[in-house]
Amino acid sequence: MSLNTKSKAILIVDDAPDNLLMLFSYLEDKGYRILLAEDGETGLQIARSKSPDLILLDVLMPDIDGFETCRRLKAEAGTKDIPVIFLTALSEKVNKVQGFKLGGVDYITKPSEQEEVLVRIQTHLNLRQMRQDLDRQNREQQRALEFEALLRQVTDKLRDSLDEKQILATATQQLAEVLDLQSCQIELYDSEQVIATIQYEHSLSLPLSQGISRKVEDRPELYEQLLQKNPIQLVEKTPEFNPQGIQVTRLACPIFDERGIIGNLWGLRPPTDIFTDIEISLMQQVASQCAIAIRQARLYRAAKLQVAELKRINNLKDDFLKTISHELRTPLTNIGMGADTLKMLFELLPNWQQQHFDAASESLEILEAGYEREIKLVNDLLELVHLDARNEPVKVELVDLNWLITYVVQLFTHRTKQHQQQLKIDLPLDLSRIETNPDILERILTELLNNACKYTPEKESIQVSIETDAQALKLIIANSGVTLSDLELERIFDNFCGGASCYRKN
């Protein structure tokens, strides 16, 4: 491994001036920066302040010898990793094992060949460089693993949320904490990509900028590159801060997907702290995940608005159908009752007058047939309304049962007469009002009476009655004739069950 000697500093600590000058002259010619000290105390001070790359340390010196100097160097965090090569005279008896135990890496005897000194220095500088490179790689690898774990964590949190505000808060907070940012911001473009607004930020030490908008045209050199989906890192004074002129390093990564650019993810640091490649990569990946999460959140919000609007329209439709159905049934009831009255009057006319009303009778039959068809259409319409609304919460109100039951029974008077059936009603006069949904109750009565009429033979009877006790009220629709099978009873609450399973004989 080759070294750039001009960038390497060597501290020589020796109480012999001749040795200092000799090594100084030789090593400086080889391109090293040389620092000199004539005693251990001075050497410690220089090592602390200048952080040399290697120290040549004489063993035998007055006051503080080389071993004690080495022990103090290795005891301090700022100097413990500096390699120390001991210098000792050939005639001196030195415990070399002690020197190695104290942290020295080598010995050089004086006098020594200058080339040997140079080789030993280069060897240990290379070894230190290799250790530093390995430590840096280990740190970068550890950092990469931490970033990978962070990315998974952020991704999981973003995917679990359909709240855009929560997404922005999660992304900025996580990045600010892991990358040790002064501030992390997300700005989003308007629909025309003319205005960029800081929608959310997590700031530790910088002034807040949330809500500040910038015109893209005011910073073309910045936003042209970002709109081309390229990250950008720069050191600048930030005009949006108050007071203005705060200088920071800023990294911006575009937030985009296949549908286009949504905004930018910003990281802010002190001006001397530059973002590394691995940090830029992490920011880009988080920005990509933000784009996916923001799109999902916006689609979800749009879907919720559509569902709410569809529900509103459906409620309007149901209200309209219910209203028009009731409005149609009232005149149809009157028509049916009028037709019954006319038919009874015709039956009372003498035979010699009856012949004059043949044409009227024929018209009456047409009127009755039309009434039956219209009533069936209205009932079918109400059936669909109630089926659509079956999951809606039931609204209850006080209902007069005497009035409601009498009203519904009257709708079947004409039909039972046509089928020569007897329709009876038996209700208590002092029946209290109850809390229920009148539309649902009316529909139930209508269906039960409709099926009773359908399956009760001629000359048989249908009876509507109410039984009450202290705890309950029982509404009974009873008919003679056909009864339900066990199979039909099991299907009594099925949709469109054919009608036969909507009543039973008591």
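D133 and R136 sit three residues apart in helix α5 (residues 114-160), so about one helical turn separates them; helices here are DSSP runs of H or I with at least four residues, strands are E runs of at least two, and both are numbered from the N terminus. The two side chains form a salt bridge, with their closest N and O atoms 2.9 Å apart. That term asks for a side-chain nitrogen of Lys or Arg within 4 Å of a carboxyl oxygen of Asp or Glu. Side chains of opposite charge can pair when their charged atoms come close. D133 counts as buried at 16% relative accessibility, whereas R136 is partly exposed at 36%. Buried means under 20% relative accessible area, exposed means over 50%, and partly exposed is in between, using a 1.4 Å probe and protein chains only.

A quick word on what you're looking at: this is a predicted model, where local features need pLDDT of at least 70 and side-chain atom pairs count only at pLDDT 80 or more, while totals for chains, interfaces and linings use all residues. Residues are numbered from 1 along each chain as its sequence is written, and side-chain values use heavy atoms, leaving out hydrogens and water.

Now step back to the whole chain. It has 14 helices and 16 strands, and 41% of its 506 residues count as buried. Take the contacts (heavy atoms within 4.5 Å) with a separation of 6 or more: 62% of them come from residues 24 or more positions apart. The chain exposes about 28800 Å², with carbon and sulfur atoms supplying 52% of that; accessible areas come from the Shrake-Rupley method with a 1.4 Å probe, and for residues only the protein chains shown count as cover.

Next, find strand β3 (residues 54-58), where five of the five residues are buried. In a regular strand the side chains alternate between the two faces of the sheet. In β3, L54, L56 and D58 point one way, I55 and L57 point the other way, and all are buried. Strand β1 (residues 9-13) pairs with β3 in the parallel sense over four bridges; pairing requires that DSSP finds at least two bridges between the strands. Here I55 is the bridge partner of L11. β3 also runs parallel to strand β4 (residues 84-89), joined by four bridges, and L57 stands opposite F86 in β4.

Follow the chain from β3 through helix α3 (residues 66-75) to β4 and you trace a right-handed β-α-β unit. Right-handed means that, with the strands pointing away from the viewer, the path from the first strand over the helix to the second runs clockwise. Within α3, R72 and E68 lie four residues apart, about one turn of the helix, and they form a salt bridge with the closest N and O atoms 3.0 Å apart. R72 is partly exposed at 28% relative accessible area, and E68 is partly exposed at 24%.

Helix α8 (residues 277-348) holds another such pair, E309 and R312, three residues apart and about one turn of the helix. Their side chains meet in a salt bridge of 2.6 Å, N to O. E309 is partly exposed at 34% relative accessible area, as is R312 at 43% relative accessibility. Elsewhere, salt bridges that share partners join E41, E68, R71 and R72 into one network. The whole structure has 17 salt bridges.
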